[in-house]
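Hello,

Here is the structure I promised to pass on.

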Amino acid sequence: MSLISENIQSVEERIRAACARAGRSRDEVTLICVTKTMPVEDLRQAYDAGQRSFGENRVQEINDKFPQLPSDIQWHMIGHLQRNKVKYLMDKAVMIHSVDSAALAQTISKEAVKAGRVMDILLEVNAAEEESKFGLTCADVLPLVREIAPLPGIHICGLMTVAPFTDDPETNRVFFRKLRDLSVDIGRESIDNVSMHILSMGMTGDFEVAIEEGATHIRVGTAIFGKRNYNI
Ligand SMILES: *Cc1c(COP(=O)(O)O)cnc(C)c1O
């Protein structure tokens with residue numbers, strides 16, 4: 001068995017344990033394998049181990065890897081997105097997790113209509129209000145939802161957050177809870193074209209806590225593929 005498939009198996013065991021602790025079914029949580037900077041061979045190994053949801057944070061990398069891999073992979077765009085690159089995602093991505101402005105939502109809408117599809121999107125929330133991070137403040141989310149919900153070609157499916165880097169995952173529980181509470185509040189508004197069924201939160205350092213707090217999609221890179229080397 002390859003190291004990557006062993007890593008996936010151990011992540012899978014941790015997901016199951018967290019689901020069990022939270023009284024949730026394993027089916028409620030989608031594992032997105034975060035493959036940024038990783039070579040296609042590594043993605044192939046994850047694919048052969050049964051994984052079908054991959055996350056990338058650069059359009060260029062999705063463009064490069066997409067044609068080299070099987071077509072039943074679901075590609076998730078999880079990184080900060082420039083508006084002039086949106087068009088390249090239309091035939092590749094199933095979901096964009098990182099929408100944080102009306103301007104970006106408008107571009108996605110326009111390109112999706114042009115491509116004859118509907119793009120599922122999440123709004124990225126900077127739940128800990130870290131200066132270094134992209135994302136909306138909690139207070140800005142509902143007004144933006146109301147503003148972009150009527151746009152054609154997009155479907156607002158929920159919220160995403162990147163919690164602070166920490167050695168103690170418990171310190172992020174408060175931010176995951178904040179995201180879940182916000183999603184429940186927005187869901188209660190029953191806005192047309194908005195459903196709040198997706199909570200994309202939890203990474204290598206904190207995905208178990210995120211699952212306990214209601215994550216439906218966790219984005220895990222390092223625990224599966226090892227440390228990233230940004231210099232290659
Ligand atoms: C890189 C990245 C991840 C995965 O991080 P790990 O700590 O390696 O699991 C998750 N989400 C986003 C948005 C990322 O950029």
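A residue is called buried under 20% relative accessible area, exposed over 50%, and partly exposed in between, with a 1.4 Å probe and protein chains only. By that rule Phe 54 is buried, and Trp 75 is buried too.

Some ground rules. The model is predicted, so local features need pLDDT of at least 70 and side-chain atom pairs count only at pLDDT 80 or more, while totals for chains, interfaces and linings use all residues. Numbering runs from 1 along each chain as its sequence is written, and side-chain values use heavy atoms, leaving out hydrogens and water.

**Rings**

How many aromatic pairs does a search of the whole structure find? It finds 1. Phe 54 and Trp 75 make the pair, edge-to-face, at 5.8 Å centre to centre and 90° between the planes. (Rings of Phe, Tyr and Trp, the last by its six-membered ring, pair if their centres lie within 6.5 Å; planes under 30 degrees apart are stacked, over 60 edge-to-face, the rest tilted.) The pair links distant parts of the chain: Phe 54 sits in strand β2 (residues 53-56) and Trp 75 in strand β3 (residues 74-77), 21 residues apart. Strands (E, at least two residues) and helices (H or I, at least four) are DSSP runs numbered from the N terminus.

Two charges sit over rings (NZ of Lys or CZ of Arg within 6 Å of the ring centre and within 35 degrees of the ring normal). Arg 52 lies over the face of Tyr 47, 3.5 Å from the ring centre. Lys 92 lies over the face of Phe 66, at 5.8 Å.

**Ligand**

The residues around the ligand (a heavy atom within 4 Å) include Val 34, Lys 36, Ile 78, Met 160 and Arg 228.

- Thr 204: a side-chain N or O atom is 2.6 Å from a ligand oxygen.
- Arg 219: a polar side-chain atom is 2.8 Å from a ligand nitrogen.
- Gly 221: a polar backbone atom is 2.8 Å from a ligand oxygen.

The protein covers 88% of the 390 Å² of accessible area that the ligand has on its own (Shrake-Rupley method, 1.4 Å probe).

**Cysteines**

The structure holds 0 disulfides (two cysteine sulfur atoms within 2.5 Å). For Cys 33, the nearest cysteine sulfur is that of Cys 19, 15 Å away. Cys 33 counts as buried because its relative accessibility is 0%. For Cys 138, the nearest is that of Cys 157, 19 Å away. Cys 138, at 17% relative accessibility, also counts as buried.

Best wishes

Terms used:
A polar contact is a pair of N or O atoms within 3.5 Å; within protein, one must be able to donate a hydrogen and the other to accept it, and residues adjacent in sequence count only if both atoms are side-chain atoms.
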